[in-house]
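Hello,

Here is the structure I promised to pass on to you. Have a look at it first, and then read on for what turned up.

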Amino acid sequence: MKKKTVDIHFLTIAMTLFMSMTAHAQEIWTMQQCMQYAVAHNHEVKQAELDLDNYRASKTGAIGNFLPSASANIGMQYNFGRAIDPETNGYTDVSTFYNGYSLGASLPVFDGFNRLHALKAAKASVLMGREALRQQQDQTALSVLQAFTNVAYYEGLVKMAEEKVEETMLLLRQTRLMEEVGRKSAADVAQVESQQAEAGYELTRQQNLLASALLELKQAMAYPMTDTLSLTVSHGDRNACNVCNITLFQSPCETHSSLQIVRYQMVASKHEWRQARAGLLPSLSLSAGLSTTYYHTLHTPSAASFNDQFKNNMGEYVGATLSIPLFSRLQTITSIRRAKNNYLRAQEAYEQKQLELEKLSREAWQDWLGYLKQTAQMEKKVEADSMAYQLTRRQFEEGLSTAIDLHTTSSQLLNSKATLLQCQLMAMVKEQLVRYYQGETIWTE
């Protein structure tokens, strides 16, 4: 009895684990969840994060250029043969040991504002890196949105194809019964069998397309290929009808990531141009330091001790250096010219990006309105085609129409349903694009 109780307890635990694993494997993913997962795991997003960290490191280096530099040096030298005696400053043939110590610091006081413009350019690069990261996140979300839409579309087609297969099987069974009672001929049965084979072929084809679309979605999300991914499309997402702003077009947001990238690139190019012009100005730097030495003639015990020499040979210095550029073989002029052209080129790119965003935003808005209208029209068409199919089906059962007529109306209804599904999903995509160009973050709730 005790053993039986233990077995039942073990079976209960096993069933609980199995049910929890099954529930985890069958987790349903919404469009927002797919986009959020992709933004968190996509490899290109992670590369953009590393690029941003490099820009921050460059900014830190630009700040460090305003600080003084300090260095300490220790030198040791062993002389043998003919050399100069540091005590008498004359030549000697005795082997000697020399040890030197120095500590120095330097501070650039003025460099034509080179460091200042380098810091401003680095700050602009950091802002550009942030916008590049945001743009990569948005592009990843849009790629997942498109892949998600493809999967949802093929899932709908697979469902339609499965319904078509079941319908043709029932129709074939009914036609064979009608053939037995003499109401249908063998040709009618053959035509229905052909329709059933065609429906089976279409189901297999759509299943293969669905499998390929699912692999594309997993790749865009950086999702494990071997794990199960089940999707759901909410009714609001599919209709995608946010009627509040559908009658008035709004220009793309000035803070759009792609526009901000070009803008900060233009700012960085401007400061790089001024940084190049700083090469025409003189530079001033200050320096200070101290040094000492220790000298010992080998095999001579009369040398001063290390502590005495270290203290007595100690020397200090303070200096100022003024550098005036006179001629640099036209290198400075060439750098200034190239930096100016880069700045002007960045200005042109900024204006071009503004026009491009305006065009893409208007195109997305127009497509969104168009797909909303097409969706409403296709809903009416699906309703009419469904009624026509039902009437043709009844006439076929009564012997007033042929299997070809039934196949024609059935194919027309299936195509209308597929077109309606496509319009609904494309309206969802275009609405997200409109929000994207308005500066909204589409991959967050």
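A question to start with: which residue in β7 does Asn99 stand opposite? Asn99 faces Tyr294 there. Before going further, please keep in mind that this is a predicted model.

**The sheet**

The strands that hold this pair are β5, which covers residues 96–110, and β7, which covers residues 283–297. They run antiparallel, and 14 bridges join them. Both belong to an open sheet of 4 strands, and if you trace across that sheet, the order is β2-β5-β7-β8, with antiparallel pairing. At the edges you will find β2 (69–79) and β8 (315–323). Each of these two has a single partner strand, so one side of each has no neighbour in the sheet. From one strand to the next, the twist averages 20°.

The C-alpha atoms of Ser285 and Ser323 are separated by 8.6 Å, although the two residues are 38 residues apart along the chain.

**Two helices side by side**

Next, the helices. Two packed helices are described by the angle between their axes and the distance between the axes. For α4 (residues 114–180) and α7 (residues 257–277), the angle is about 165° and the axes are 8 Å apart. Because of that angle, α4 is roughly antiparallel to α7. The crossing of α4 and α7 is left-handed. What kinds of residue make up the contact of α4 with α7? They divide into 10 nonpolar, 10 polar and 6 charged.

**The core**

In soluble globular proteins, nonpolar side chains tend to be buried together. In this model the largest nonpolar core has 60 residues. Those that touch the most other members are Trp29, Met35, Val144, Leu217, Met221 and Leu231. Which helix gives the largest share of this core? That is α4, with 14 residues. Several helices supply at least two residues each: α2 (31–41), α4, α5 (186–221), α7, α9 (331–397) and α10 (403–437).

Helix α9 is also where you will find Trp368. Is Trp368 buried or exposed? Its relative accessibility is 3%, so Trp368 counts as buried. Trp368 and Met428 are 60 residues apart in sequence, while their C-alpha atoms are 8.0 Å apart in space.

**Two loop residues to look at**

Finally, a pair of backbone details. Ala222 has a positive phi of about 60°, although this residue is not a glycine. You can find Ala222 in the loop between α5 and β6 (230–231). With a relative accessibility of 23%, Ala222 counts as partly exposed.

Leu330 also has a positive phi, near 65°, and is a residue other than glycine. This one sits in the loop between β8 and α9. Leu330 has 52% relative accessibility, so it counts as exposed.

Happy viewing, and best wishes

Note on methods. Residues are numbered from 1 along each chain as its sequence is written. This is a predicted model: local features need pLDDT of at least 70, side-chain atom pairs count only at pLDDT 80 or more; totals for chains, interfaces and linings use all residues. Side-chain values use heavy atoms; hydrogens and water are left out. Axes are lines fitted to C-alpha atoms, for helices over the stretch in contact, and angles run from 0 to 180 degrees between N-to-C directions. Angles under 35 degrees count as roughly parallel, over 145 as roughly antiparallel, 65 to 115 as roughly perpendicular and the rest as oblique. A crossing is left-handed if the near helix is turned anticlockwise from the far one by less than a right angle, and right-handed if clockwise. Ala, Val, Leu, Ile, Met, Phe, Trp, Tyr, Cys and Pro count as nonpolar, Asp, Glu, Lys and Arg as charged, and the others, Gly among them, as polar. Two strands pair if DSSP finds at least two bridges between them. A nonpolar core is a set of buried Ala, Val, Leu, Ile, Met, Phe, Trp, Tyr and Cys residues joined through side-chain atoms within 4.5 Å. Buried means under 20% relative accessible area, exposed over 50%, partly exposed in between (1.4 Å probe, protein chains only).
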